[in-house]
Amino acid sequence: MRLQVLFALLIGAGVLLLVGRSIFSQWRGADKGVPLRGKYRAAMEWLEGNGYRVLRARERSTWVGYYGDREFQKQLIADFIVRQGAKTYAVKLASSREKGISGAKLRDSWFPLYVLFGVQGILHIDVEHEVVQVVDFDLKPPSRVVWARVINRFLWLLGGALLALVVMHA
């Protein structure tokens, strides 16, 4: 009889241990999710599976600014450069260190990529949470610049019309 009770207690303790481990597993430690190398592979597979063609990976360039005789440099890295149809995108993968998206991040980190690589947008991919955001920029020049362009184009059109009149009357 004692052996049966001991056996039942061991089975009960094992079941409680498995259930407790399952219930409290989120407190054991932060789930690391996909490892860093795995993030790149998962992102590349997602991009290719959704109709993007990967043109380049880990594209790098350096931004250099000068203030008087001082030089400032920053390494700019796009995780991927991809194309879908006629549009080209720079891809940035989210990292666990990111604290969120802000205007400063858009302005200081992503707009230089947009301009430097001549892309039509930025794809921000969070592999762990399976979220993809398209970041786009629209430059709105001051009205005086818009009017200067309109007048410049009108003068070129007028000059072309005058040249056509001179050639036709000659």
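A nonpolar surface patch of about 1000 Å² is formed by Val 146, Trp 147, Val 150, Ile 151, Phe 154, Leu 155, Leu 157, Leu 158, Leu 162 and Leu 165. Patches of this kind consist of residues with over 30% relative accessible area and no salt bridge, with nonpolar side chains (Val, Leu, Ile, Met, Phe, Trp, Tyr) joined within 5 Å and like charges within 9 Å. A salt bridge here is a side-chain nitrogen of Lys or Arg within 4 Å of a carboxyl oxygen of Asp or Glu, and accessible areas follow the Shrake-Rupley method with a 1.4 Å probe, where for residues only the protein chains shown count as cover.

The model is predicted, so local features need pLDDT of at least 70 and side-chain atom pairs count only at pLDDT 80 or more, while totals for chains, interfaces and linings use all residues. Residues are numbered from 1 along each chain as its sequence is written, and side-chain values use heavy atoms, leaving out hydrogens and water.

One member of the patch, Val 146, belongs to helix 4 (residues 143-169). Helices (H or I, at least four residues) and strands (E, at least two) are DSSP runs numbered from the N terminus. Val 146 counts as partly exposed because its relative accessibility is 36%; buried means under 20%, exposed over 50%, and partly exposed in between (1.4 Å probe, protein chains only).

Turning to the sheet, five strands make up an open arrangement in the order 1-2-3-4-5, with mixed pairing. Strand 1 (53-67) and strand 5 are the edges, each pairing on one side only, and the twist from one strand to the next averages 35°. Two strands pair if DSSP finds at least two bridges between them. Strand 1 and strand 2 (residues 70-84) run antiparallel and are joined by 13 bridges; Arg 56 stands opposite Ile 81 in strand 2.

Helix 3 (residues 103-116) lies across strands 1, 2, 3 (87-93), 4 and 5, at about 65° to strand 2. Axes are lines fitted to C-alpha atoms, for helices over the stretch in contact, and angles run from 0 to 180 degrees between N-to-C directions.

His 124, in strand 4 (residues 121-126), counts as buried because its relative accessibility is 9%. Beyond neighbours within four places in sequence, the contacts of His 124 include Trp 110, Val 131 and Val 132, contact meaning heavy atoms within 4.5 Å. Val 135 in strand 5 (residues 131-135) is buried too, at 11%, and touches Leu 106, Trp 110, Gly 121 and Ile 122, not counting residues up to four places away in sequence.
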